[in-house]
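Subject: Handover of a structure and its findings

Dear colleague,

Please find below the structure that I am handing over to you. The findings follow it, grouped by region.

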Amino acid sequence: MAKAIKFDHIGGPEVLYSEEVEVGQPGPGQVRLRHVAVGLNYADTYFRNGTYPIPLPNGIGVEAAGIVEEVGQGVTQLVVGDRVTYTGFTNTLGAYSTERLIDVAPLIKLPVGIPLDTAAAMTMRGLTSAYLLRRIYPFKSGDTILLHAAAGGVGLIVSQWAKLLGLTVIGTTSTDAKAEVAKAHGCDHIINYSHEDVAKRVREITDGVGVNVVFDSVGKSTFDASIDSLKRRGLMVCVGTASGPVPPFNPHMLARKGSLFLTRPALADYIADPAEKAELAAEVFGHIAAGRIRIEINQRYSLEDAMQAHRDLEARKTTGSSIFVI
């Protein structure tokens, strides 16, 4: 029997429970996958607390890496023993498990040189970083970005990748300890938002000009400062809502603040095309395999510790990536 973490009503971390499940054999277009490591993402809390509504009871988690144990009818691109990773949305729910059936479509065959725990820690974060830096804006060397949650999993990857592109990175963190982590991964400037005025410091750092792009994964509590940090015709990228959703606003504000642009992208729309997904995956895996980008797994949990893992994540106690080790 396999083990899976599930929940049957929305709420806090306490709604999560462990259950033994019978996996069975893969159907057409499926594989039976034995997990080695499972990714912990902030998006998981959105499913659990109802921000992303899904039918209940249900499994949780959208990212993991493991080994193909059995293939179903019609599966030709993978064989037993292949090492794979995946991320997605509702199409991959149920990753918090030791073993599962999954459609072959979301699976990415891992290149040599990428360990399974690394893959579980960076597939979603890496692909997110890839579309943010390679699809959202036509970056050129010398551009400046403001990166919230710079010591988080996405933040550390974006910082390192941004330096490869010649960008100046202004990162925000909530503690001095996190500031040191962010600096070690490429941030040129750090703003501690717990006691510094973010927009004011950005203007000081940029000689009053502002930044080309803001990557804001925090949401409600940072939105105003993010908008006020942009240069004329700059781009605000709302990539998450860790502090809550952004309140409604009049779009005229964007004109008044400098003809600003705003987007709220979703990873699913940047990996929907298999060819584009393969291109982005190849680029991020290439950087990691070559050592140009380091993946920091700073928290490891067992599946039985899912409640504590969610508490740590929501309390902002984590840095880098977090995984469940099977």
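Helices (H or I, at least four residues) and strands (E, at least two) are DSSP runs, numbered from the N terminus. The model is a predicted one, in which local features need pLDDT of at least 70 and side-chain atom pairs count only at pLDDT 80 or more, while totals for chains, interfaces and linings use all residues. Residues are numbered from 1 along each chain as its sequence is written, and side-chain values use heavy atoms, with hydrogens and water left out.

I begin with helix α1 (residues 42-49). Six of its eight residues are buried (under 20% relative accessible area; exposed is over 50% and partly exposed in between, with a 1.4 Å probe and protein chains only), so α1 is largely enclosed by the rest of the structure. The buried residues are Ala43, Asp44, Thr45, Tyr46, Phe47 and Arg48. Their cover includes β1 (2-7), β3 (30-40) and α10 (306-314), where contact means heavy atoms within 4.5 Å. After α1 comes Gly50, which has a positive phi near 95 degrees. In the loop between α1 and β4 lies Pro57, and the peptide bond that joins Leu56 to Pro57 is cis, with omega about 0 degrees.

β1 also belongs to an open sheet of three strands, ordered β2-β1-β4, with antiparallel pairing; two strands pair if DSSP finds at least two bridges between them. β2 (17-21) and β4 are at the edges with a single partner strand each, so one side of each has no neighbour in the sheet. Between β1 and β2 there are five bridges, and Ala4 has Glu19 in β2 as its bridge partner.

Of its 13 lining residues, the closest to the centre are Ala4, Lys6, Val21, Gly94 and Arg100. β1, β4 (58-59) and β7 (99-103) each supply at least two residues of the lining, and β7 gives the most, with three. On a 1 Å grid over the protein atoms alone, a pocket is an open set of points with protein on both sides within 12 Å along at least five of seven lines, a cavity is a set where a 1.4 Å probe fits but cannot get out, and lining residues have an atom within 4 Å of a point. Grid points are joined across faces, edges and corners, and a volume is the space filled by probe spheres set on the points.

The structure holds one cavity of 30 Å³ or more. The largest cavity has about 30 Å³ of space, and the residues that line it include Gly152, Leu156, Arg294, Glu296 and Ser321. Helix α3 (residues 153-164) provides the largest share of this lining, three residues.

Elsewhere, β10 (residues 168-173) and β11 (residues 189-192) pair in the parallel sense over four bridges, with Ile170 opposite His189 in β11.

Ser259, with phi about 55 degrees, lies in the loop between α7 (252-256) and β14 (261-263) and is partly exposed at 43% relative accessibility. Arg316, with phi about 60 degrees, lies in the loop between α10 and β16 (321-325) and is partly exposed at 32%.

With kind regards
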